[in-house]
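Please read them alongside the coordinates.

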Amino acid sequence: MAQKEVGEEESMTEDRLSRMEEKLDRLSEAVVAMARMEERMLTLFKRMDKFDSCIQKVDDRLDEMERQAIARGQKIAFAERIFWMVLSGAVGLAFIYLR
């Protein structure tokens with residue numbers, strides 16, 4: 001009877017050990033999966049940082065182009081006014097001489 005109890009204890013111990021091993025295996029798989037997810041997230045964060053820096057460069061270039069367009073627009077508006085003043089003066093002179 002003592003051997004029967006010892007055999008049952010060993011069987012229960014082996015069952016417990018096998019269940020613990022299965023749980024440890026699942027835990028190790030979960031840790032590996034979490035590490036993979038963390039690496040993917042780091043890669044995505046790096047890509048987002050690069051994307052943000054590219055967007056910032058484009059935004060800075062756009063701001064500079066807007067400033068240049070405003071300055072050029074003012075110069076063109078001034079040149080257009082001068083052109084129309086000279087043209088109207090020339091038309092006026094032509095009417096005076098043609099009279």
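1. Basis. This is a predicted model, in which local features need pLDDT of at least 70 and side-chain atom pairs count only at pLDDT 80 or more, while totals for chains, interfaces and linings use all residues. Residues are numbered from 1 along each chain as its sequence is written, and side-chain values use heavy atoms, with hydrogens and water left out.

2. Fold. The secondary structure comes to one helix and zero strands. Helices (H or I, at least four residues) and strands (E, at least two) are DSSP runs, numbered from the N terminus. Helix 1 covers residues 2-98.

3. Dimensions. The C-alpha trace spans about 145 × 15 × 10 Å along its principal axes. The radius of gyration is 42 Å, whereas a compact globule of 99 residues would have a value near 13 Å. That radius is taken over C-alpha atoms, and the globule rule is 2.2 Å times the number of residues to the power 0.38.

4. What share of the 99 residues is buried? Buried residues make up 0%, where buried means under 20% relative accessible area, exposed over 50%, and partly exposed in between (1.4 Å probe, protein chains only). The protein exposes about 9,900 Å², of which carbon and sulfur atoms supply 63%. Accessible areas come from the Shrake-Rupley method with a 1.4 Å probe, and for residues only the protein chains shown count as cover.

5. Lys and Arg count as positive and Asp and Glu as negative; His and the chain ends are not counted. The place of a charge is taken as NZ of Lys, CZ of Arg, CG of Asp or CD of Glu.

6. Salt bridge. A search of the whole structure finds one, the criterion being a side-chain nitrogen of Lys or Arg within 4 Å of a carboxyl oxygen of Asp or Glu. The partners are Arg-67 and Glu-64, at 2.5 Å from N to O. Both lie in helix 1, three residues apart, about one turn of the helix. Glu-64 counts as partly exposed because its relative accessibility is 36%.

7. Charged patches. Patches are made of residues with over 30% relative accessible area and no salt bridge, with like charges joined within 9 Å and nonpolar side chains (Val, Leu, Ile, Met, Phe, Trp, Tyr) within 5 Å. Glu-8, Glu-9, Glu-10, Glu-14 and Asp-15 form a negative surface patch; Glu-10, at 47% relative accessibility, counts as partly exposed. Arg-16, Arg-19, Lys-23 and Arg-26 gather in a positive one, and Arg-16 is exposed, with a relative accessible area of 52%.

8. Nonpolar patch. Phe-83, Trp-84, Leu-87, Val-91 and Phe-95 form a nonpolar surface patch, with about 530 Å² of accessible area together. Phe-83 lies in helix 1 and is partly exposed, since its relative accessibility is 48%.

9. Two adjacent entries. Are Arg-47 and Met-48 exposed or partly exposed? Arg-47 is exposed, with a relative accessible area of 56%, while Met-48, at 48%, counts as partly exposed.
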